[in-house]
Amino acid sequence: MPYSRFATLFPQEPSLVRVAISKGSKLSVWTAPTQDLNDAAALASQSETWLSSSISLPILMPVGGITWSIQGNELRIYSVDGKALTIALIQVKSFLDALDETDIDEFEPTEKGGHAIDALAILEDVTLQLYKEILGQTALGGDGDEDNAEAGNADITDAAASSGRQLRFYGAVTSANGLADILLYTMSEYEGLEYRTEKSNRCFIIIHWKYTAKLPSHVGHLLVERFTQMANMPDLFNLYSSGYLFWDILSFRNLHRKESTLEDLINRIMETLQCSADHFQDSPPLNASTDASSSPHTILQQVPKHLFLNRGMNCLRLQNHLKLGLINTMPGAKKTETAVSLLANYKALLRDYISTLLIAVQVYLSDSRIVFSDTDTLMLTLLTDWCLCNHESVPATLKPIIQIFATLKHRCQDADIQTLCDEYILKIRKTVSSKNQSAESTELENQPHLESKEECLACRGAILFSSPWKAVCANGHAWDRCAVSLLTAATPKMRSCLGCNRKSISPLALYSEDEMEGVEVEQQQETQQSILMRGMLEYMNSCIYCANRLRS
């Protein structure tokens, strides 16, 4: 039962196809209810969807895949025997009008209470076009005659006969914005279709673009509307990734780099996302209340959920993915502007992440048994260094950090850790009390309190915290920093963002050999070893900068 992927984004669209089901060669379509705003009783009584119409395809043409177009009321049918048809939901005034305008064999009308009739009509046969894409232009003797159905069928027959192969579609899915279909197909020898062999079971994938020329203006308008509504979805990234949402637009642009229409569309989408980001600038605070019976790690699990519920930050993530996809193909005059904009977005997203995480850490430490590990302490000091260097943009984070270090000092028996806590508490208080600090002193390189806390894995040289994204040792060896912990990502157990390639340490890097082998590690009842960093690495499965998935 194929469902429209974005049906829930457009509940007000009366003609939107919600569900299409095929059984054998019969196709049935359910649509959104027509909303008559002048008839409240009728509107209230309507169900979420209703059966709009059905169409019977030839008995030898079972459906292998169904996709939706961006218009919402058109379907693309891919049959098992290699046919591709565009089916449209149309309304006609009466059955007689339909007979005059369209062949009766092409649709089955459904009358609704004497009003307009909904019918499924075959608009276009695109089989020839797909054969051209798969077999190549030469296999069909040039461009062919797409306007002449008989000539097209003859070309297809000749091509199939000359190649000795039969095209069959076994699956189809539409892209996020309906610009392309991804098809699963096979080209089998005729004699191989009678029985299943390893060769006949082999399938291939092809991308079929529905809009091969300039995007029509109405399609561009629908795309902008779609992204406007996406920006208002608080749980957007619980359903989709940025790469999925923008794949067809970026790919289409790369195919048609000189198309000014698509350039204008991308600019309009950027403006829409920026307006939404400004509108949803403030995010609700993290719910810091926890049940006394719940695990202290519950609050850490809430951090990624809270981050990706912030609609303003989500718009920045969508912007980042789109800009990263365009920065290598945009005119040179815009590259600097794009890079500056990306950096500003990165800082805003990092600020939101650290502010949320510190609130969670404060609650996490409310369990009196929690004792920080060495890696957790290092992670906390790096987060604090960034806050101290950017205290003007995150003033609310400094007081919680004082409480965190005070709690850490009270629980830790290590004299060196206690001294470290005292030093950071003093630095934070000086930063809070200092009101005449110059703008230049906020630069990372000019901060006297930034001491070396990490060593280079290659040469054991000191690494200063000069950037939350890159680490460079005294001898010039450069490393990426973990996007989650800010530690130097110098381990073979890594994850990379599928969108921006940003690095993150895998949680497996923090497991001991006994834990990897499933051996339970005994702990004293009065203490519980902290897994702050390991927990955050496990719970953060999406990039905080572009909302794409993290993969090992």
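Q: How many residues does helix α8 have, and what span does it reach from its first C-alpha to its last?
A: Helix α8 (residues 260–279) has 20 residues and reaches 29 Å, close to the 28 Å expected at 1.5 Å a residue. The expected span is 1.5 Å times one less than the number of residues. Helices are DSSP runs of H or I, at least four residues, and strands are runs of E, at least two, numbered from the N terminus. This is a predicted model: local features need pLDDT of at least 70, side-chain atom pairs count only at pLDDT 80 or more, and totals for chains, interfaces and linings use all residues. Residues are numbered from 1 along each chain as its sequence is written, and side-chain values use heavy atoms, leaving out hydrogens and water.

Q: Which residues of α8 are buried?
A: Buried means under 20% relative accessible area, exposed over 50%, partly exposed in between (1.4 Å probe, protein chains only). In α8, the buried residues include L262, I266, I269 and L273. Their cover includes α5 (217–230), α7 (242–255) and α10 (311–326).

Q: How is a pair of aromatic rings described?
A: By the distance of the centres and the angle of the planes. Rings of Phe, Tyr and Trp (its six-membered ring) pair if their centres lie within 6.5 Å; planes under 30 degrees apart count as stacked, over 60 as edge-to-face and the rest as tilted. This structure holds 11 aromatic pairs. W469 and Y545 pair edge-to-face, 6.5 Å centre to centre with 70° between the planes. W469 lies in the loop between β14 (462–463) and β15 (470–472), and Y545 in the loop between α16 (532–539) and β20 (550–551), so the pair ties together parts 76 residues apart in sequence.

Conventions: Contact means heavy atoms within 4.5 Å.
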